[in-house]
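Reader: I am new to reading structures. Can we go through some ring contacts together?

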Protein chains: 2
Amino acid sequence: MITLYDLLFEGDRRPSPFCWRTKYALSHKGLQWTEVPMAFTEKDKIAFAESKTVPVIKDGDEAVKDSWAIALHLERAYPEITLFKNEATRKYSLFVNGWVDTTVNGALFPMVVGDLYDRVLPKDRDYILESRGSRLGTKDLGAFQAAAREKGQPAFRATLEPARRVFKVQKFLAGDLPGYPDYILLSPFLWANSVSPFKLLAEDDPVYAWRERMLDLFDGMGRKAKGA
Amino acid sequence: MITLYDLLFEGDRRPSPFCWRTKYALSHKGLQWTEVPMAFTEKDKIAFAESKTVPVIKDGDEAVKDSWAIALHLERAYPEITLFKNEATRKYSLFVNGWVDTTVNGALFPMVVGDLYDRVLPKDRDYILESRGSRLGTKDLGAFQAAAREKGQPAFRATLEPARRVFKVQKFLAGDLPGYPDYILLSPFLWANSVSPFKLLAEDDPVYAWRERMLDLFDGMGRKAKGA
């Protein structure tokens, strides 16, 4: 029995992009799980795993933290349906993991941080204003977001150019079928969608069409998630 | 017998990053080649391959253009030493190819374009000023370059963060040994080095250490190339 500790926002939203990677990895392997939602300010719930961030999973007696470590754990523990067909797929995924966490998320975060703040649980508001505010150098997240969107949208779309080029020759980053690199890249879109109505992609963008294909997977798991 | 058509700059410099990818692919496979250097304004030399850009190779009777197509050709024609161990390595390489061509080269190009102009063959100067100038919206490439370097160096280094994260757990992008993703990422550094003395990386950057390892390969092929 697998338990996933997930971040909770207002209206039962679950934006954490790192938890989404784990949910897609679990679904890919056909595994069931139960979720324990928690606030940013309830980190005591995941102290047992010596973690301060989600995802954390409890798999039987084993506690695993960090989405990448969880993917590797699931691959070892449930090898029947592989997430990484071979070592090269794992290395490809590791590269995409770093690319999304830095280049893609870095371009996306400033454009939705104000909307994100508006949707955190009331008890988490001060924490978010303090932690994100000090990172961004302002406490007016709404004004920061508005300024970021002006230049930010074309810059964000430009970061996706490597994926766009891949989609010229194959349907998914992983090839003809979706794989962990695709789940990683989908995660910031699900994160943004759950907190912000801001349009990230043009409808004629090949990344838009890819995202539609991704949202169809696993009975429309991502599409059914509560949006902004 | 393989012939490689390569771009020639002043002082026998050969900066083309796309030709470097081909040279490393050939060396990886232990293949010999001869080079035909040409100016930007001697595109008639590669008209036989219906190409306007290098690299072009002539392999026996076959003409192949574009570094990615050449890598695939070499893999088919000389399968003994593989460039792509399996399909996943090829897909990983395709992604890295797009990432370097857009994100990495996009951040690098403005910082060295003035130096590049200073080192093209005299007969190519007008062509470069016209083509690069119209792309950048200015003919004062030196001033453009100086302005780009101010914000550009930290922005360029930031684009390399995905690689930096990979180097925390393995020596090369491809794994314990270098592979085509590494040859792709090395190519913009060789390109810049051949035209510009501008310091792209700090010496304590893990990407710097990786670049040193890469420059050692194949009897120091990249290290021996004539710099700025």
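Reader: Is Phe84(A) buried or exposed?
Author: This is a predicted model. The relative accessible area of Phe84(A) is 5%. Buried means under 20%. Therefore Phe84(A) is buried.

Reader: How do the rings of Phe84(A) and Tyr180(A) meet?
Author: Their centres are 5.6 Å apart. Their planes stand at 85°, and over 60 counts as edge-to-face. So the pair is edge-to-face.

Reader: How many residues apart are Phe84(A) and Tyr180(A)?
Author: Phe84(A) is in the loop between helix H2 (67-77) and helix H3 (87-119) of chain A. Tyr180(A) belongs to helix H7 (residues 180-195) of chain A. The pair links distant parts of the chain, 96 residues apart.

Reader: What kind of aromatic pair do Tyr24(B) and Phe218(B) form?
Author: The rings lie 5.8 Å centre to centre. The angle between the planes is 55°. Under 30 degrees would be stacked and over 60 edge-to-face. This pair is tilted.

Reader: Which ring does the charged end of Lys23(A) sit over?
Author: The distance from the charged end of Lys23(A) to the ring centre is 4.3 Å. The cut-off is within 6 Å. The ring is that of Trp20(A).

Note on methods
Residues are numbered from 1 along each chain as its sequence is written. Chains are lettered from A and ligands numbered from 1 in the order in which they are written. This is a predicted model: local features need pLDDT of at least 70, side-chain atom pairs count only at pLDDT 80 or more; totals for chains, interfaces and linings use all residues. Side-chain values use heavy atoms; hydrogens and water are left out. Rings of Phe, Tyr and Trp (its six-membered ring) pair if their centres lie within 6.5 Å; planes under 30 degrees apart count as stacked, over 60 as edge-to-face and the rest as tilted. Helices (H or I, at least four residues) and strands (E, at least two) are DSSP runs, numbered from the N terminus. Buried means under 20% relative accessible area, exposed over 50%, partly exposed in between (1.4 Å probe, protein chains only). A charge sits over a ring if NZ of Lys or CZ of Arg is within 6 Å of the ring centre and within 35 degrees of the ring normal.
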